[in-house]
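Q: Please take a close look at one part of this model, the side-chain contacts and what surrounds them. Where do the residues lie, and how covered are they?

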Amino acid sequence: MVIHSPSTNCGAVVILGRCYSSRPTTTMSANSESTVLGIIVLARNGDHIEVSNLPVNSYSITSLGLQQEWQLGNLLRSLYLNASSPSYIQGIAPSTAVFNASQVQVSAIVSDEGSATVDSATALVQGLWPPTPFANTTLANGSTIVSPFDGYQYVPVTAVDSDVDVSLDGYTDCVALGEKSLAFQRSAEYRAMDDANDEFMTQLEPYIGNVRTSIMNTPWIYEQMSMQYIHNATYANALPPTFMAQVRALADWIEYNVYSDISSAGIGNVAFRSMLPGVLSALEEIAAGGALKMSYNAISYQPFLSLFNMTGVVSNDGVSPAIVDHAAAAVLEVRKTSTSQPFVRFQFKNGTQDGAFATYPMTLPDGSGSLTGDIPVAYFTSALQSAALDPLEWCYTCEQTVVRGCSRLIAEMAPPPRSLSRAGSDAITVAVTVVVLGSVLALLVFFRVIMVSTGKGQQKRVPGGMQRIVSVGTSEKGVVGDRQELLDQGNSPEKN
């Protein structure tokens, strides 16, 4: 991996003033004396391509993506549903039985950008609960009818509509997060990194449609280049061998700085903070011995970055503070020994490049110090509860008054909740009267609108036949989600 870092003392990546290695190196062996009471799975969508679908282009899952998710589901099945596995979930219907809907929750984000994440969830649960002849019904006349496709198990997937539900993508339309990103772009650290990579960004122009841009746009650049690199042989052969790694390293650096924060309750962690109410509720139910044994959320990569930051698993050469690969998964295991209270263990597998899950120690604040390793459920909940955002708290914290259901929630609840600061309350009061103008200006100023250079001379076609690039606020559905088309099918920038 090649990246120009302004730090002279760090051989890897400097993020929030700390040096991190580019790959996780810490692996801990499982405690054979503990048993698994239940798990919470967070998994990224599989490989996808962009499909023209006016007025907004959408993402469609590919056969590769479906296979990635199915393989992940099959691995989870062997670990947690196999009665002979040391990580078998106690009390769950084993792999030899049919799916038990009362024990499992499956949710996937869906938006106007396509069904790639829902399709990913469908493929993963097929790996978890494959067809079985036990999926049958015996009729009154004595005949047995097996479900179609040799006993296909129809696992319900709850589609979470991002237009009205912030629980799985709290980073979208969060005005306060946009302000944090703007502040980051004004920082000396960012300017140094941008200057250090100016020559590389110039060299990159022919491979992204001769568009002149800054390192702030490398997340969407990486996503577009990655799709072309995987699915367009001509482009893959034309691309210089180090360019993908260089763009990826910059994208990782940008996104972790945006989707993390110094404190757990910081706005940079909003992508996972909005998920916390559901995660903590599931942890508590599992620990208490309730019916729930497995909660699975199909998401994009942004919440992973906030999760890594909030749980401290990036410390001590742990999980890389980077965009996770397709079909990456984090598992929060609720475990218990014969003498202990239930505790949480963090497992992570970064897509298909990792053959197995690895255990990483979490680090959470403990008074004047910190608690590291497996964390008791009660302590885990106590440490992160104050950072959790329900829908109304999300609206106030993100300074959002209109979209994502906020206009209705704010109208129904006059007093601001505990998470709103005095400054935030003042901002909301002003925003109520000027929300439309303010929102439009914020969108135009911040969300990574690519500036097409007009003084660069003659336009050139993209080497390798890069077919299309569409800018997004961040990769997939970004903080705001506004889109600006840059390239038409002729591979030349559109005039704005």
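A: L64 lies in helix α1, residues 63–80 (helices are DSSP runs of H or I, at least four residues; strands are runs of E, at least two; both are numbered from the N terminus). The model is predicted: local features need pLDDT of at least 70, side-chain atom pairs count only at pLDDT 80 or more, and totals for chains, interfaces and linings use all residues. Numbering starts from 1 along each chain as its sequence is written, and side-chain values use heavy atoms, without hydrogens and water.

L64 is partly exposed because its relative accessibility is 39% (buried is under 20%, exposed over 50%, partly exposed in between; 1.4 Å probe, protein chains only). With Y229 and I230, L64 makes a nonpolar surface patch of about 270 Å². Patch residues have over 30% relative accessible area and no salt bridge; like charges are joined within 9 Å, nonpolar side chains within 5 Å.

Now the charges. The whole structure holds six salt bridges (a Lys or Arg side-chain nitrogen within 4 Å of an Asp or Glu carboxyl oxygen). One joins D374 and R345, at 2.8 Å from N to O. D374 sits in the loop between β15 and β16, and R345 in strand β12, so the pair ties together parts 29 residues apart in sequence. D374 is partly exposed at 27%; R345 is buried at 4%.

Another links D252 and R248, at 3.0 Å. They are four residues apart in helix α9, so about one helical turn separates them. D252 is buried at 8%, and R248 is buried at 14%.

R408 and E412 also pair, at 3.4 Å. Both lie in helix α15, four residues apart. R408 is partly exposed at 47%; E412 is exposed at 57%. Elsewhere, shared partners join R248, D252 and D325 into one salt-bridge network.

Technical notes. Accessible areas come from the Shrake-Rupley method with a 1.4 Å probe; for residues, only the protein chains shown count as cover.
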